Amino acid sequence: MKGAPVGRKAGSARVLVTDLDGTLLGGEGPDRRRLHDALIRHPDITVVFATGRSLASVQALLRDDPLVPSPRWIIADVGASVIDAIRMVHVEALEGQLRAGWPGADRVRAALRHFPQLVYQEGVPQEGRCSFYLIPEGLSDDLKDAVKSLGCSWSYASGRYFDVLPARASKGRALRLLGDRLGWPRQAMLVAGDSLNDLSLFSQGTNGVVVANAEPSLAAGVPAIDRVHHSALDGAAAVLEGMKRLGWLDRRSVVIGYHRPPLRWLDGAWRPPSSPNGILPTLQAALTDKRLDAVWAAAHIGEAPPPAEPDTATDGLPLSLLPLCPERWAGYFHRACKETLWPVLMSQPDLIRYRRAHWADYQEVNASFARHISSLATQGGTVWLHDYNLWLVPAVLRALRPDLAIGLFHHTPFPRPDVFRRIPAAGQLLDSLACLDWAGFHTADCADNFRRLLAGTARPTPHVGVHPLGIDRHAVADLARTRPQPQHGNDRSQLVLSVERLDYAKAPVHKIRALDDLLAHTPGLRGQVRYRLVCPPPEIGIRAYDSTRTELENAITRINHRWGTREWEPVDYIPRNLDFPEVVDHYLAADVFWVTSLADGMNLTAQEYIAAHHATNRPGVLILSRHTGFAQHTGTSALLTDPLLPQDLVDTLRTALTMTVYERAAHITRLAGLLDIPPPAQWAHTVIAAIRGARASLH
């Protein structure tokens with residue numbers, strides 16, 4: 001099992017620390033098989049052996065016993081040794097602390113030679129300890145005092161094994177040092193044991209399970225507290241029971257994989273999204289249906305999950321967070337996603353920036369997501385991935401869980417094959433996408449691009465579906481009716497509005513230039529038209545849009561300086577996030593809504609504008625880029641424009657501004673009639689059924 005190197009926090013949410021003989025290796029064969037299989041299915045559970053065996057003995061066990069799971073770490077020699085089980089090397093920094101003051105085995109044997117009841121364990125590999133056989137009657141006070149005079153401690157287990165140890169060595173102390181080094185929360189650990197030398201493990205504040213076949217002295221020595229379970233089952237069965245009691249093995253029929261959760265952890269509390277639309281609230285609203293038996297797997301940026309579970313904020317939708325350190329997130333999302341993949345999705349391959357280190361972060365995050373999703377999905381379950389951020393998950397997940405139905409929906413455009421192949425890692429991505437059972441898109445054009453890309457691959461081509469996403473029209477309409485209705489004056493002024501995130505793909509600078517050209521050639525519009533651009537910045541750390549921001553702000557400064565007066569400026573720039581009611585207020589105030597994306601998904605803001613105006617009987621005009629998914633739905637009922645043609649932007653804006661009130665009312669009515677796209681809940685159920693159907697037909 002893969003884990004973080006020593007010195008770096010792993011952020012693991014589940015750590016099983018188990019003794020071997022009598023515990024992991026104890027009980028009936030079928031129980032051992034079930035435990036082994038459960039750990040294979042849950043690669044997110046970090047396994048730590050805490051044993052009296054030496055490293056050589058553990059290695060022999062791993063080689064010869066197929067039911068022994070692969071550990072990530074090994075605490076050996078009754079706590080005197082700590083081993084990185086990936087590289088099978090000793091962690092010297094920790095062992096130095098554990099073995100401090102150790103006089104050495106030769107000195108120990110010489111000092112204890114006058115105790116005839118001690119029989120040295122010849123032929124047993126030992127490091128940092130000295131091990132003997134001893135009958136219970138031989139454990140005298142004189143022997144204990146002799147060990148103490150050496151500056152050592154001792155451990156006695158199973159009525160037979162007497163170990164002389166460094167004074168600071170024990171399984172519990174080794175676990176504490178390792179856990180602190182790797183940032184494991186105590187509540188995220190489960191310790192399991194059967195012998196008295198496991199007692200120190202149960203004093204670390206972790207969850208615990210004492211197996212039924214444990215030494216009576218261990219059972220008596222472990223305190224009776226809620227976090228420690230005294231099982232009625234032996235060995236491996238008790239360990240499996242302990243994991244089940246903690247909910248580690250809960251599985252769901254549907255697992256949603258998206259790089260973000262539907263909520264934001266802010267100021268010590270979960271905050272819901274402000275808008276009822278978009279992928280986050282759409283999925284949240286759709287998946288609270290208990291019949292789906294769904295869980296949402298998402299990333300949490302930080303060293304450990306937030307302390308509060310979002311039970312109430314998600315309206316009952318289970319949320320399972322994958323902790324990612326900020327550095328890994330930056331390489332994955334800020335760099336690989338936004339600088340390598342996003343330009344291709346937007347059909348701007350000349351903007352690709354690729355760095356091997358950032359791509360390594362992308363690969364690692366996708367692999368972590370795949371392992372996390374694998375741990376959440378029931379046998380034969382359905383996995384519904386979302387967007388390009390998880391393009392490498394299908395290949396890893398298919399290898400881990402060939403039983404799953406795997407689908408991926410693209411909320412972004414999907415580029416032509418020749419553009420996709422400009423990605424430096426296009427072959428790797430293509431191999432992963434070919435592992436899907438189903439791929440979904442908003443438009444037929446994007447679906448066709450995907451089919452052509454995968455044509456001729458060795459694998460069966462995934463099923464492809466076209467499922468445009470609509471908005472929660474009723475929620476928008478109800479909110480619009482409650483908002484103050486703006487009143488137009490008699491000055492014939494008009495407001496043109498765009499609501500979009502800062503992104504070169506939204507063509508914000510193109511709009512400023514078009515407006516500048518329009519004002520230059522149509523003097524009568526000066527002072528009569530204001531363009532309001534609500535344009536919140538991207539997440540802190542994303543540099544891909546820095547040049548767009550600079551160019552946009554400079555263009556706004558120039559146009560306002562060129563045409564502005566004391567009473568009027570042509571551009572009103574709002575570079576921040578607004579609550580959704582404020583956005584609706586802007587929708588209602590706008591005479592024209594202007595969307596000029598160079599490439600886009602459905603563009604839900606255009607649908608929101610129509611729904612708000614129609615619900616309040618307000619006339620309006622939608623200028624819509626031909627390159628949005630929604631344009632394929634509206635056809636010429638919207639005023640279509642091509643942002644790649646500067647004059648077309650100018651001409652279409654002029655047409656919108658010269659439409660009469662009656663033309664605008666009829667325009668909105670026609671568009672509202674086209675808002676028959678399935679609402680979010682229906683859309684989600686349809687997609688999940690399509691993924692399952694594709695799996696059934698392929699197998």
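Select Pro537 to begin: at 33% relative accessibility, this residue counts as partly exposed, a class that lies between buried (under 20% relative accessible area) and exposed (over 50%), with a 1.4 Å probe and protein chains only. The structure is a predicted model, in which local features need pLDDT of at least 70 and side-chain atom pairs count only at pLDDT 80 or more, while totals for chains, interfaces and linings use all residues. Residues are numbered from 1 along each chain as its sequence is written, and side-chain values use heavy atoms, with hydrogens and water left out.

**Around Pro537**

Pro537 is found in the loop between E23 and helix H19 (546-563). Helices (H or I, at least four residues) and strands (E, at least two) are DSSP runs, numbered from the N terminus. Display next the residues in contact with Pro537, where contact means heavy atoms within 4.5 Å. Leaving aside neighbours within four places in sequence, these are Leu502, Arg549, Pro575 and Arg576. Then draw a distance from Pro537 to Leu134: the two C-alpha atoms are 71 Å apart in space, and the residues are 403 apart in sequence.

**The whole chain**

Along the principal axes, its C-alpha atoms fill a box of roughly 110 × 55 × 45 Å. Of the 699 residues, 57% are buried. Among contacts between residues at least 6 apart in sequence, 71% join residues at least 24 apart.

**Helices H17 and H20**

Select residues 473-482 (helix H17) and residues 580-589 (helix H20), which pack at an angle of about 75° with their axes 10 Å apart. The axes are lines fitted to C-alpha atoms, for helices over the stretch in contact, and angles run from 0 to 180 degrees between N-to-C directions. H17 is therefore roughly perpendicular to H20; angles of 65 to 115 degrees count as such, those under 35 as roughly parallel, those over 145 as roughly antiparallel, and the rest as oblique. Show the side chains of Val476, Leu479 and Ala480 on H17 and of Phe580, Pro581, Val584 and Leu588 on H20, which make the contact. By class, this contact has 7 nonpolar residues, no polar and no charged ones. Ala, Val, Leu, Ile, Met, Phe, Trp, Tyr, Cys and Pro count as nonpolar, Asp, Glu, Lys and Arg as charged, and the others, Gly among them, as polar.

Keep H20 in view: the helix is mostly covered, with 7 of its 10 residues buried. The buried residues are Phe580, Val583, Val584, His586, Tyr587, Leu588 and Ala589. The elements covering them include H17, strand E22 (494-499), strand E23 (529-534), strand E24 (571-574), strand E25 (592-595) and helix H21 (604-615).

**Aromatic rings**

Rings of Phe, Tyr and Trp (its six-membered ring) pair if their centres lie within 6.5 Å; planes under 30 degrees apart count as stacked, over 60 as edge-to-face and the rest as tilted. By this rule the count comes to 25 aromatic pairs. Select Trp359 and Tyr362, a stacked pair at 4.5 Å centre to centre with 20° between the planes. Both lie in helix H12 (residues 356-376), 3 residues apart, about one turn of the helix. An α-helix has 3.6 residues a turn, so residues three or four places apart point the same way. Trp359 and Tyr362 are both buried.

Move to Phe414 and Phe420, which are stacked at 5.7 Å centre to centre with 25° between the planes. Both of these phenylalanines are buried.

**Charges over rings**

A charge sits over a ring if NZ of Lys or CZ of Arg is within 6 Å of the ring centre and within 35 degrees of the ring normal. Select Arg109, which lies over the face of Tyr120 at 3.7 Å from the ring centre. The charged end of Arg260 sits over the ring of Phe333, 4.9 Å from its centre.

**Final stops**

Select Arg664 in helix H24 (residues 661-673). This arginine is buried, with a relative accessible area of 6%. Not counting residues up to four places away in sequence, Arg664 touches residues including Gln494, Asp591 and Met659.

Finish with Ala507, in the loop between E22 and helix H18 (508-521). Ala507 has a positive phi of about 55° although it is not a glycine, and at 1% relative accessibility it counts as buried.
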